[in-house]
Amino acid sequence: MTPDHLIEIADQFGTPTYVYDLDQIKVQYQTFKTAFPWPLLKICYAMKANYNPSVLKAFHKLGAGIDAVSPGDLHMATACGFYVKDIIYTANNITDAEMKEIAETGVLMNIGSLSRLEKYGRTYPGTRVCLRFNPDVVDGAHDKIKTGGDLTKFGILLEDADTAAAVTRRYDLKVTGLHEHTGSGLKKADSILKAMEQIFSVAVPGRFPDLEFLDFGGGFKVAYEPDEPDIDINILGRAVVDRFSGFCDRYGRKLGLWFEPGKYLTANAGTLLVEVNTIKRNRSRIICGTNSGFPQLIRPMFYDAWHTIDNISHPLGSPAVYDVCGNICETGDLFAAGRAIPEIRESDILAIRDAGAYCYAMGGTYNLRPMPAEVVVENGVPRLSRRRMTPQELVESICSESPDMV
Ligand SMILES: Cc1ncc(COP(=O)(O)O)c(C=O)c1O
């Protein structure tokens, strides 16, 4: 979207506002699909990345499935049109009550611990299940989003595959899928291929005879920083399909090839529009204060993540170096530190780029500031997808849930 287009959206809907370009999401989806030419390809969008209802409905129209991770995810996905058969539920430290709630919808449960597998088998013998393994491959954009190897809570260990198989036999469970997810923002194509090989090694002859698919999770990177090295998805796709085809020949039948991309599909389709309200000099630094803050886009503070910031009101101004901050009472409330940006003036609109994944979705209302509005653009036309609450509405919603206040 051009700066002029975004300025019009800021004028029409105010700020702070997230803008999601559904046309771009469709391009990402088609690019991903084309890169993995396998007849039984299934793309289960990892809705944790962005659960905006208009975004979910767009994925439903495209024919995607869903990777859900909480009862809320499941309710939201079905409210947006997804059928239970199109959803995989990746269970992570769930309670018995959550297991019951989910299992009784008939959704396929992806189980990542022997303890939960035992409880599941005892309660639902004879049903279908998917098993999540820790691929023992360490990769990802930041330590906090690496999910393979020793320092993670996720997945059954590869060396416990026989024990897992014994549990499934004891309860007559039909293991229809094996799963791994190595991390988010995987830097090396080799990690993706190595993790696949690890799952192939779990499916030794006779151990899991009922497989219908292998699910290799998400983690496909997008370039956030200028000149950041990228992985060629088409070259990767061909290598993946080649290896998968070889595995299927050895296994004895063609299986489904499943992925759960989040970031790859939505990150670069999102922009957070914020307004500058304060420019101040702190000795050597220039502070640029905006009307948003880390609870509305936490990746820089949480993961030291880079988001490009464009001054769309004054793109040709001569650059200066700014600390771009929010309006929250925390020192770490920064979108960027020491960043060169065309001269910023009070009332300018800044576009924080690549904000379509793990931004609004990880948001909160710390300091009792409501979350931004969400606007989607489809066929070039913007429309409101979710309005911004007023502070009064936010407080009323909190008080209405408190018996001490009603
Ligand atoms: C199990 C699982 N699948 C898929 C994803 C999506 O990852 P990404 O958004 O990097 O593609 C995640 C993200 O953490 C995950 O935990």
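Two strands count as paired when DSSP finds at least two bridges between them. Keep that in mind for this tour of a predicted model.

**Stop 1: the barrel**

Select strands E2 to E9. Here 8 strands close into a barrel, in the order E2-E3-E4-E5-E6-E7-E8-E9. The pairing is parallel. How far are neighbouring strands of this sheet turned against each other on average? The answer is 30°, with direction ignored.

Now zoom in on one pair. Select residues 65-68, strand E3, and residues 87-90, strand E4. They pair in the parallel sense over 3 bridges. Click Ile66, then look in E4 for its bridge partner, Ile87.

**Stop 2**

**Stop 3: two helix pairs**

Two packed helices are described by the angle between their axes and the distance between the axes. Look for both at each pair.

Select residues 189-202 for helix H8 and residues 233-251 for helix H9. Their axes come within 11 Å and cross at roughly 15°. An angle under 35 degrees counts as roughly parallel, so H8 is roughly parallel to H9. H8 passes H9 in a right-handed crossing. To see the contact, show side chains on both helices. On H8, pick Ala189, Ile192, Leu193, Met196 and Phe200. On H9, pick Leu236, Ala239, Val240, Arg243 and Phe247. The residues of this contact divide into 9 nonpolar, no polar and 1 charged.

Move to the second pair. Helix H6 covers residues 114-123, and helix H7 covers residues 161-170. They pack at an angle of about 10°, with their axes 9 Å apart. H6 and H7 are therefore roughly parallel to each other. Select Leu114, Leu117, Glu118 and Gly121 in H6. They meet Thr163, Ala164, Val167, Thr168 and Arg170 in H7.

**Stop 4: strand E10 and its partners**

Select residues 270-282, strand E10. Follow its pairings one by one.

- E1 pairs with E10 in the antiparallel sense over 4 bridges. Click Thr17 and find its bridge partner in E10, Leu273.
- Strand E15, residues 349-352, runs antiparallel to E10, joined by 4 bridges. Glu275 stands opposite Ile349 in E15.
- Strand E11, residues 285-290, also runs antiparallel to E10, joined by 6 bridges. Asn282 stands opposite Arg285 in E11.

E10 and E11 form a hairpin with 2 residues between them. Stop at Arg283 in the turn, which has a positive phi of about 50°.

**Stop 5**

Most residues other than glycine have a negative phi, and most peptide bonds are trans. Two more places are worth a click.

Where does Asp304 lie? Find it in the loop between helix H11 (299-303) and strand E12 (309-311). Asp304 is not a glycine, yet its phi is positive, at about 50°.

Finish at Pro16, in the loop between helix H1 (3-13) and strand E1 (17-21). The peptide bond from Thr15 to Pro16 is cis, with omega near -5°.

Methods:
Residues are numbered from 1 along each chain as its sequence is written. This is a predicted model: local features need pLDDT of at least 70, side-chain atom pairs count only at pLDDT 80 or more; totals for chains, interfaces and linings use all residues. Axes are lines fitted to C-alpha atoms, for helices over the stretch in contact, and angles run from 0 to 180 degrees between N-to-C directions. Angles under 35 degrees count as roughly parallel, over 145 as roughly antiparallel, 65 to 115 as roughly perpendicular and the rest as oblique. A crossing is left-handed if the near helix is turned anticlockwise from the far one by less than a right angle, and right-handed if clockwise. Two residues are in contact if their C-beta atoms, placed from the backbone, lie within 7 Å. Ala, Val, Leu, Ile, Met, Phe, Trp, Tyr, Cys and Pro count as nonpolar, Asp, Glu, Lys and Arg as charged, and the others, Gly among them, as polar.
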